[in-house]
Amino acid sequence: MTPFHLAFPVDDLETTRRFYCDVLGCKPGRSSGTWTDFSLFGHQMSAHLRTGGSAGSSGAVDGKDVPIPHFGVVLPMDDWKKLAARLEAAEGIDWLHRPMIRFAGDPGEQATLFIRDPSGNALEFKGFASLDAVFAS
């Protein structure tokens, strides 16, 4: 699988750098005065200073209201558990949904959690016991 690239808006680059590097454990990449790159589990994320507002909404998934838009990474379950524990131990996390199991006992069973970064971007991290189940129906 090849890495994806996502550019997303932020309000403050230094706060964003601290959150993505210190809290999520991302490796920093190139940067300028208006953007900065990170490796999020091998994917290229580009945080750009926000120049305008953004509208958001939500949708229901497995009985939970989830923010739209949101982004994140699908991880093997052991890596997801490590990230979930890291976030649970961190101070000041803006939790939307704490770690939980979704679709228990069904195809596509997954662990999930939702947080917001300091600029209000919603992130979801999913964990699967087998990555073969990511697209199970």
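Author: Contact here means heavy atoms within 4.5 Å. Please keep in mind that this is a predicted model.

Reader: Thanks! Which residues does Phe125 contact, apart from its neighbours within four places in sequence?

Author: Setting aside those neighbours within four places, we look for residues with heavy atoms within 4.5 Å of Phe125. The partners are Leu24, Leu40, Phe41, Val73, Trp80, Leu83, Ala111, Thr112, Leu113 and Ile115.

Reader: How many residues does the largest nonpolar core have?

Author: A core of this kind joins buried nonpolar residues through side-chain atoms within 4.5 Å. Tyr20, Leu24, Trp80, Leu87, Leu113, Ile115 and Phe125 have the most contacts inside the largest one, whose residues number 28.

Reader: Which elements each supply at least two residues of this core?

Author: Both helices and strands take part, with H1 and H2 on the list together with several strands. As general background, in soluble globular proteins nonpolar side chains tend to be buried together.

Reader: Let's turn to the aromatic rings. How many aromatic pairs are there?

Author: Two rings pair if their centres lie within 6.5 Å. Counted by that rule, the aromatic pairs come to five.

Reader: Is the pair of Phe8 and Phe71 stacked, edge-to-face or tilted?

Author: The ring centres of Phe8 and Phe71 are 5.0 Å apart, and their planes stand at 45°. Stacked needs planes under 30 degrees apart and edge-to-face needs over 60. An angle of 45° therefore makes the pair tilted.

Reader: How many residues apart in sequence are the parts tied together by Phe8 and Phe71?

Author: Phe8 belongs to strand S1 (residues 5-10), while Phe71 belongs to strand S7 (residues 71-76). Phe8 is buried at 4% relative accessibility, and Phe71 is buried as well, at 13%. The pair therefore ties together parts whose separation in sequence, in residues, is 63.

Reader: And is the pair of Tyr20 and Phe38 stacked, edge-to-face or tilted?

Author: The centres of these two rings, Tyr20 and Phe38, lie 5.3 Å apart with planes at 25°. Tyr20 in helix H1 (residues 13-23) and Phe38 in strand S3 (residues 35-40) are 18 residues apart, so this pair links distant parts of the chain. Since planes under 30 degrees apart meet the cut-off, the pair is stacked.

Reader: Are Tyr20 and Phe38 buried or exposed?

Author: Buried means under 20% relative accessible area. Tyr20 has 0% relative accessibility and Phe38 has 3%. Both values fall under that cut-off, so each residue counts as buried.

Reader: Which residues do ring pairs link into a cluster?

Author: The two pairs above, Phe8 with Phe71 and Tyr20 with Phe38, both have their rings in it. Ring pairs join them with one further residue, Phe19, so the rule for pairing gives this cluster: Phe8, Phe19, Tyr20, Phe38 and Phe71.

Reader: What about cysteines: how many disulfides does a search of the whole structure find?

Author: A disulfide needs two cysteine sulfur atoms within 2.5 Å. Cys21 is in no disulfide, and its nearest cysteine sulfur, that of Cys26, is 6.3 Å away. Cys21 is buried with a relative accessible area of 19%, and Cys26 is buried at 6%. The number of disulfides found is zero.

Reader: Which residue's backbone oxygen lies 2.6 Å from a polar atom of the His97 side chain?

Author: His97 is in strand S8 (residues 94-102) and counts as buried at 14% relative accessibility. Beyond residues up to four places away, His97 touches Lys64, Asp65, Leu113 and Phe114. The backbone oxygen at 2.6 Å is that of Asp65.

Reader: Finally, which element has the highest mean pLDDT?

Author: Across the protein chain the mean pLDDT is 90, and 93% of the residues reach 70 or more. Among the elements, strand S5 (residues 57-61) has the lowest mean, 69. The highest mean, 98, goes to residues 77-89, helix H2.

Definitions and conventions: Residues are numbered from 1 along each chain as its sequence is written. This is a predicted model: local features need pLDDT of at least 70, side-chain atom pairs count only at pLDDT 80 or more; totals for chains, interfaces and linings use all residues. Side-chain values use heavy atoms; hydrogens and water are left out. Rings of Phe, Tyr and Trp (its six-membered ring) pair if their centres lie within 6.5 Å; planes under 30 degrees apart count as stacked, over 60 as edge-to-face and the rest as tilted. Helices (H or I, at least four residues) and strands (E, at least two) are DSSP runs, numbered from the N terminus. Buried means under 20% relative accessible area, exposed over 50%, partly exposed in between (1.4 Å probe, protein chains only). pLDDT is the predictor's confidence in each residue, from 0 to 100. A polar contact is a pair of N or O atoms within 3.5 Å; within protein, one must be able to donate a hydrogen and the other to accept it, and residues adjacent in sequence count only if both atoms are side-chain atoms.
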